[in-house]
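Dear colleague,

Please find below the structure that I am handing over to you. My notes on what was found in it follow directly after.

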Amino acid sequence: MQTRDTLTDSIPPHFSDRALPFNQPTPFPLARRIVAVIASWLVPGAGHLALGRYGRALLFFVTIVGAFVLGLSLNGHLYWPTVAEPGATFHYDLITVLWFFAEIGSGLCYIGSYVLGLGMIPIPQAAASPTFEYGNTFMFLAGLLNYLVIHDAFDIAAGRKN
Amino acid sequence: MHVLMMSMYAAMAAVVLATVDPKSETPAPASHPRVKDIRLVPGNRPAAGVGVVSNTLVNVSV
């Protein structure tokens, strides 16, 4: 008859104390992490789709793309960093840099709109619309929310959360 | 249009909540070690120590 210690010693190492607890997040391979983060930026929710989080992927896609499209329909504007007035402290107008940063977070929503020429009405004409600022705000929020989603996809891919 | 905008606000709040996972926070230790006996060392100079008694952090100084 074997003693308990003898039995424990005979168990292969990968069966002894290496098992992870149930439902413990596990990191994805590096290539899949990179794909998830890039896909998450390009198409909101695509990163979660690649990681198998289908419910959240649908929520993020519908909300972020919907907010961006709603912003465009409310005469929101696609911002791009513009050069500041001569004599300014910085070369670029910082507020347009911030607005561009917020909007570019939505990835292909911004790029596709730019390619299609949507949201490109000159600001004096677009600002005449009473919903101009509402539209801009929705487009800013869509991009900023997608930054949160990108971080969430990274956390899932890195095994920090489920 | 107002209903659509309000629905979008609610959906945005849902996105923020969905990216927050309270279970992913660093878990607190299941239980602190319990110190059954804290002894103070007699001496002329002040002594200080720290101990954990029944899950409560206790600073000891004399």
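**Overall architecture**

From the N terminus on, the elements of chain A run α-α-α-α-α-α-α-α-α. Please bear in mind throughout that this is a predicted model. Of the 162 residues in chain A, 37% are buried. Among the contacts in chain A with a separation of 6 or more, 71% are accounted for by residues 24 or more positions apart. The accessible surface of chain A is about 9,800 Å², and carbon and sulfur atoms hold 68% of that surface.

**Helix α9 of chain A**

Helix α9 of chain A covers residues 132–157. Its 26 residues should span 38 Å at 1.5 Å a residue, and because its end C-alpha atoms are 38 Å apart, the model agrees with that expectation. After α9(A) comes A:Gly159, which has a positive phi, near 80 degrees.

A:Asp152 lies in helix α9 of chain A. Is this residue, A:Asp152, buried or exposed? Its relative accessibility is 1%, and since buried means under 20%, A:Asp152 counts as buried.

Leaving aside residues up to four places away in sequence, A:Asp152 touches A:His48, A:Arg56, A:Phe60 and A:Lys161, together with B:Ala18 and B:Thr19 of chain B. With A:His48 there is a polar contact between the two side chains, at 2.6 Å.

Two of the partners of A:Asp152 form salt bridges with it. In the pair with A:Arg56, the closest N and O atoms are 3.6 Å apart. That pair links distant parts of the chain, as A:Arg56 belongs to helix α5 (residues 54–73) of chain A and A:Asp152 to helix α9 of chain A, 96 residues apart. A:Arg56 has a relative accessibility of 21% and therefore counts as partly exposed, whereas A:Asp152 is buried. In the pair with A:Lys161, the closest N and O atoms are 2.5 Å apart. Here A:Lys161 and A:Asp152 are both buried. A:Arg56, A:Asp152 and A:Lys161 are accordingly linked in a network of salt bridges.

**The remaining salt bridge**

How many salt bridges are there over all chains? The count comes to 3. Besides the pairs described above, A:Arg160 forms a salt bridge with A:Asp155, with 3.5 Å between the closest N and O atoms. A:Arg160 is exposed, at a relative accessible area of 52%, while A:Asp155 counts as partly exposed at 24% relative accessibility.

**The interface of chain B and chain A**

The contact between the chains takes 18 residues from chain A and 15 residues from chain B. The area buried between chain B and chain A is about 1,300 Å², and carbon and sulfur atoms give 84% of it. On the chain B side, B:Met12, B:Val15 and B:Thr19 lose the most area to chain A, together 39% of what that side buries. One of them, B:Thr19, is also among the residues that A:Asp152 touches.

Which polar links were found across this interface? Between chain B and chain A, the count is 0 salt bridges. The rule does find 1 residue pair in polar contact across the interface, both residues being at pLDDT 80 or more.

With kind regards

How values were computed. Residues numbered from 1 in each chain as written. Chains lettered and ligands numbered in written order. Predicted model: local features only at pLDDT ≥ 70, side-chain atom pairs only at ≥ 80, totals over all residues. Heavy atoms only, no water. Helix = DSSP H or I, 4+ residues; strand = E, 2+ residues; numbered from the N terminus. Expected span 1.5 Å × (residues − 1). Buried < 20%, exposed > 50% of the residue type's maximum accessible area, 1.4 Å probe, protein only. Contact = heavy atoms within 4.5 Å. Areas by Shrake-Rupley, 256 points an atom, 1.4 Å probe, with all protein chains shown as cover. Polar contact = N/O pair within 3.5 Å; in protein donor to acceptor, adjacent residues only side chain to side chain. Salt bridge = Lys/Arg side-chain N within 4 Å of Asp/Glu carboxyl O. Buried area = accessible area lost by both parts, 1.4 Å probe.
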